[in-house]
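Q: Could we go through this model together? I would like to begin with the overall picture and then turn to individual residues.

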Amino acid sequence: MLNLPTKFMSRHKKNLARTIWSIPLLRNTLLVAVLGAAALSSYDLLGVYPSFEKLLIQSVEKEAERTATHLLHTARIDLRSSQAFSNQRPGPSAWEKLRQASVDFGLWKTRAFAPSGEIIFSTKTEEIGDKNTNGYFFNQVAKGMLFSKVERKQGTSMEGEVLPVDVVEVYVPVMRESEFLGALEIYYNVSDEWQLLHALLLKSGSILLILIGGIIMIMLVMVIRTAQQSLQLSETRGALSTQERLFRDVIDAAQDGIMVTDPEQKIRIANPAFTEMTGYAQDEILGQTPDILKSGHHDDGFYKQMWQSLSDHKRWQGEVWNRRRDGSVFPELLSISTIEDEAGDLTHYVGIFTDISKQKASEQRFQAMAYHDPLSGLPNRLLMMDRLQQAIRWSHRHEEVVAVLFIDLDGFKQVNDTAGHEAGDLLLQEISQRLRQSVREEDTVARIGGDEFTLVVRGTDDKTLERIANQTIELINQPVKIDDRSFTVGASVGISRYPLDSKDPDGLICQADAAMYEAKKQGKNRCIYYSGKEPVQQD
């Protein structure tokens with residue numbers, strides 16, 4: 001035997017791993033072996049397991065089609081007969097053969113369905129007569145397509161112990177040409193396959209964990225060997241000033257979107273809030289200009305004013321509509337500032353913005369609630385007075401008449417008393433709809449409270465106004481059907497005119513209201529001018 005000096009052996013034992021690693025062939029072979037084992041185990045975990053259920057179902061479906069054919073043949077079910085699968089529960093002869101065949105084939109359970117979905121046979125007789133009402137039966141199986149799913153069931157062992165069983169349920173449609181005769185549902189016990197898969201996963205997982213542990217150990221060794229490099233890197237990072245680190249952290253943590261551009265408006269910095277609000281990733285937005293966000297909602301004059309403010313005051317703030325990456329447009333509150341160096345030269349632009357979509361939506365909701373009647377959706381008194389003021393200004397410019405029709409329903413109280421307030425609300429909604437459809441786009445119909453409505457009509461002479469008033473009464477007089485009951489109400493209408501009767505909105509409303517009460521005194525269901533003149537009834 002060759003005897004080597006003890007000192008030589010000791011030194012080479014310590015350096016054995018380093019010696020092996022220093023030889024390219026041995027090092028590459030070891031790496032290939034480790035990567036191969038990791039790839040195979042990862043393939044089992046990431047490839048086999050996710051596709052196992054799909055492959056299993058595909059295999060079971062093919063077997064189910066063959067099994068269904070054999071079951072029908074064994075039971076001597078003639079598919080040429082229209083009575084092959086019917087809603088009538090058959091005698092035991094054919095189905096007993098089918099039951100025995102299911103046992104022979106080792107099936108966990110078998111069921112037969114009529115075209116209506118009724119179970120006309122089951123190896124568990126207590127299920128016969130139940131009906132499958134699921135959509136997939138009629139939308140897929142009844143159209144001649146297989147349907148499969150994996151379920152966890154409860155089975156009973158030979159010792160009577162209740163155990164979980166994994167089964168694949170396959171619905172096989174029974175067709176005669178294009179006619180759906182019924183379906184066979186075949187259950188396959190796949191518990192053994194699942195157990196085999198779990199064993200495979202356990203083995204692959206163990207291998208992968210061992211490899212990961214080995215890789216971690218190697219990484220720890222590499223970390224130790226590169227401690228000097230890490231120290232140098234740490235010293236390099238420490239060279240960053242506190243202000244620079246604070247600036248970066250503040251930008252990343254900010255809830256507002258922040259972008260920084262160079263003097264040529266190329267985006268150099270965009271924080272996470274910017275990417276979240278706009279949908280643009282860092283690599284998509286850096287190097288681009290803010291023009292990529294333009295929505296087209298603002299004209300050149302808007303941007304000209306913005307840049308003029310930046311030039312004069314070094315900052316600009318306002319609301320802007322911008323476009324996200326997905327094409328949707330959103331409002332934002334944007335503030336732009338300039339940054340200059342010690343010499344006063346421009347170095348950067350900083351834009352900070354906040355998405356104000358929710359605030360805008362809330363404003364619109366509150367505005368709608370403040371200016372519209374919640375029951376009818378018509379403008380309320382507040383919005384009607386604003387529209388009337390606008391109409392008066394329009395009348396002053398065009399020297400045209402503006403009329404106010406004050407409408408009060410006749411007989412509405414009887415509807416509430418006899419049919420209840422819910423029916424009264426429905427009647428008011430129907431009357432509101434009729435009035436809304438009867439006015440022109442430039443006119444206004446409003447509900448100002450209870451059963452009182454107003455019409456603000458622009459630019460009409462007395463003849464046209466009388467026609468509108470009479471048509472309004474005719475619309476209201478038409479019966480309203482509510483829950484198989486018909487209700488009829490009338491309308492008393494008072495009319496005032498600007499500038500003939502009054503020159504302010506409150507006066508016009510009061511005068512139209514007074515004329516309406518005069519119409520009620522004279523017998524209701526009619527129109528009266530504030531002056532007391534009763535319009536001519538139209539034929």
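A: A residue is called buried when its relative accessible area is under 20%. By that criterion, buried residues make up 36% of the 539 residues in the protein chain. Please bear in mind that this is a predicted model.

Q: How many helices and strands does the protein chain have?
A: There are 17 helices and 17 strands in the protein chain.

Q: And what share of the contacts with a separation of 6 or more comes from residues 24 or more positions apart?
A: Such residues account for 53% of those contacts in the protein chain.

Q: Let us turn to strand β16. How many of its residues are buried?
A: Strand β16 covers residues 490–498, and nine of the nine are buried, so the strand is largely enclosed by the rest of the structure.

Q: Which residues of β16 point which way?
A: G490, S492, G494, S496 and Y498 point one way, while A491, V493, I495 and R497 point the other way. In a regular strand, side chains alternate between the two faces of the sheet.

Q: Which strand is joined to β16 by nine bridges?
A: That is strand β11, residues 402–410, and β11 and β16 run antiparallel. Within this pairing, F406 stands opposite G494 of β16.

Q: And how does β16 run relative to β17, parallel or antiparallel?
A: Strand β17, residues 527–529, runs parallel to β16, and three bridges join them. I495 has Y529 in β17 as its bridge partner. Between β16 and β17 the chain passes through helix α17, residues 505–521, and this β-α-β crossover is left-handed.

Q: Where is K314, and what is its phi?
A: K314 is in the loop between α11 (300–313) and β8 (315–323). Its phi is near 70 degrees, a positive value in a residue other than glycine. K314 counts as partly exposed, at 41% relative accessibility.

Q: Changing topic: how many aromatic pairs does the structure hold?
A: It holds 13 aromatic pairs. One of them is formed by W108 and Y187, whose ring centres are 5.9 Å apart with the planes at 45 degrees, so this pair is tilted.

Q: Where do W108 and Y187 lie?
A: W108 is in the loop between α4 (92–104) and β1 (109–113), and Y187 is in strand β5 (residues 179–189), so the pair ties together parts that are 79 residues apart in sequence. W108 counts as partly exposed at 22% relative accessibility, whereas Y187 counts as buried at 2%.

Q: What about F137 and Y171: what kind of pair do they form?
A: Their ring centres are 6.4 Å apart and the planes are at 75 degrees, so the pair is edge-to-face. F137 belongs to helix α5 (residues 135–139) and Y171 to strand β4 (residues 162–176), so to speak distant parts of the chain, 34 residues apart. Both F137 and Y171 are buried. They also belong to one aromatic cluster with F113, Y136, F138, F147 and F180.

Q: Which charged ends sit over tyrosine rings?
A: Among them is that of K109, which sits over the ring of Y187, 4.4 Å from its centre. Another is that of K294, over the ring of Y303 and 4.3 Å from its centre.

Q: Finally, what is R485 in contact with, leaving aside its neighbours within four places in sequence?
A: R485 is in contact with T418, A419 and V480. R485 is found in strand β15, residues 485–487, and counts as partly exposed at 43% relative accessibility. The C-alpha atoms of R485 and A423 are separated by 9.8 Å, and these two residues are 62 residues apart along the chain.

Note on methods. Residues are numbered from 1 along each chain as its sequence is written. This is a predicted model: local features need pLDDT of at least 70, side-chain atom pairs count only at pLDDT 80 or more; totals for chains, interfaces and linings use all residues. Side-chain values use heavy atoms; hydrogens and water are left out. Helices (H or I, at least four residues) and strands (E, at least two) are DSSP runs, numbered from the N terminus. Buried means under 20% relative accessible area, exposed over 50%, partly exposed in between (1.4 Å probe, protein chains only). Contact means heavy atoms within 4.5 Å. Two strands pair if DSSP finds at least two bridges between them. A crossover is right-handed if, with the strands pointing away from the viewer, the path from the first strand over the helix to the second runs clockwise. Rings of Phe, Tyr and Trp (its six-membered ring) pair if their centres lie within 6.5 Å; planes under 30 degrees apart count as stacked, over 60 as edge-to-face and the rest as tilted. A charge sits over a ring if NZ of Lys or CZ of Arg is within 6 Å of the ring centre and within 35 degrees of the ring normal.
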